[in-house]
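Please view the sequence and the structure together.

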Amino acid sequence: MREGASPVLVAVAHGSADPRASATIAELAAVARERSPGLDLRTAFLGHAPPSLPQVLGTIEADREVTVLPLLLTAAYHSKADIPRVLARTPLRRVSYGATLGPHPLLLDALDRRLAEALPSSGPISGLGVHLDPARTAVVLAAAGSSDPEANATITQMAARWQARTGWLAVRPAYASAAEPSPAAAVAGLLRDGAPRVVVATYLLAPGLFADRIRHTALAAGAAAVSPALGACAEVADVMLDRFAQARATRRSAA
C-alpha cells in the first residue's frame with residue numbers, strides 16, 4: 001500500500017427499487033463519516049440500485065487495503081454466498097470481509113430509539129423520553145425474514161434478549177416474508193392472548209416495500225404503533241465502525 005493511503009471500507013447494502021432506501025444508505029454513510037473523520041467509506045448494492053459491488057471494487061487501487069462490510073442485519077444467503085462469490089473474483093490483493101451488522105447490542109439501542117420516536121412522549125423508556133409501561137406492553141420484532149433458519153433463529157434470540165433487558169410483557173419475532181408468523185399475525189396473536197397494548201419494532205435497515213408492508217398490516221391488525229426502519233441513526237453507524245475495526249484486527253492477526 002502506498003505511503004499515506006488509508007484503508008477503504010466498502011459497505012454493501014441489499015438495494016431496493018425504492019429511492020428512499022438508497023437515500024437512507026447514503027445518510028447512514030454520512031453519519032459514519034462524521035463519527036470517523038477521514039474514513040474512506042464507499043457504498044454499493046447487491047441489486048436494484050447502482051453501484052454494484054464489482055463496480056465499486058473496480059474503482060479501488062490494487063495496493064489499497066479494503067474491508068467489505070455487509071450492511072445486513074442477519075447472516076443469510078447474501079452474506080454467506082453472494083458477496084463471497086464477488087470477492088473471490090476480485091483482483092484486489094488485500095481484502096478482508098466483515099461480519100453482518102446484526103446481531104449487535106447497539107442494535108437494541110437503535111430499536112429503542114426508533115420505537116420511542118413512534119410513541120407519544122411524556123416519560124422514560126430506556127432513557128429515551130417516552131412513557132410506556134413495559135409490563136403492559138408486548139412488542140413484535142418485525143424482521144425481513146429468510147429461508148435460512150439460522151438467520152431467523154437470530155431474530156428469535158434477539159427478541160429474548162430485548163425482553164430480558166427491557167422487561168416487556170412479551171417480545172415476539174415476526175417476518176415480512178419467507179417465514180412465519182407475519183407481523184400482522186403476531187400482533188393479532190398477542191392481542192388475543194390478552195396483551196393490553198402491542199407495538200411493532202421494524203427491524204429493517206431502510207424503508208421500502210417490506211417496511212411499508214409491516215406498517216400497514218400491523219396497524220390494520222391492531223398495533224398501537226409501528227416504528228420506522230432503523231435508518232441513519234448513530235447506533236447503526238457505530239455498529240458499522242465496530243464491524244470495520246473487528247475485520248481489520250482479524251486481518252492483522254492473521255497476517
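## Basis

The model is predicted: local features need pLDDT of at least 70, side-chain atom pairs count only at pLDDT 80 or more, and totals for chains, interfaces and linings use all residues. Residues are numbered from 1 along each chain as its sequence is written, and side-chain values use heavy atoms, without hydrogens and water.

## Largest pocket

The largest pocket holds about 850 Å³ of space. Of its 37 lining residues, H14, L72, A144, L204 and F210 are the closest to its centre. A pocket here is an open set of points on a 1 Å grid over the protein atoms alone, where a 1.4 Å probe fits, with protein on both sides within 12 Å along at least five of seven lines; lining residues have an atom within 4 Å of a point. The volume is the space filled by probe spheres set on the points, which are joined across faces, edges and corners.

At least two lining residues come from each of α1 (19-35), α3 (77-89), α5 (149-166) and α7 (209-220). Helices are DSSP runs of H or I with at least four residues, strands runs of E with at least two, numbered from the N terminus.

D148 sits in the loop between β5 (137-143) and α5. Its side chain makes a polar contact of 2.8 Å with that of K80 (a pair of N or O atoms within 3.5 Å, where one must be able to donate a hydrogen and the other to accept it; residues adjacent in sequence count only if both atoms are side-chain atoms). A polar atom of the D148 side chain also lies 2.8 Å from the backbone nitrogen of E150.

Y77 belongs to helix α3.
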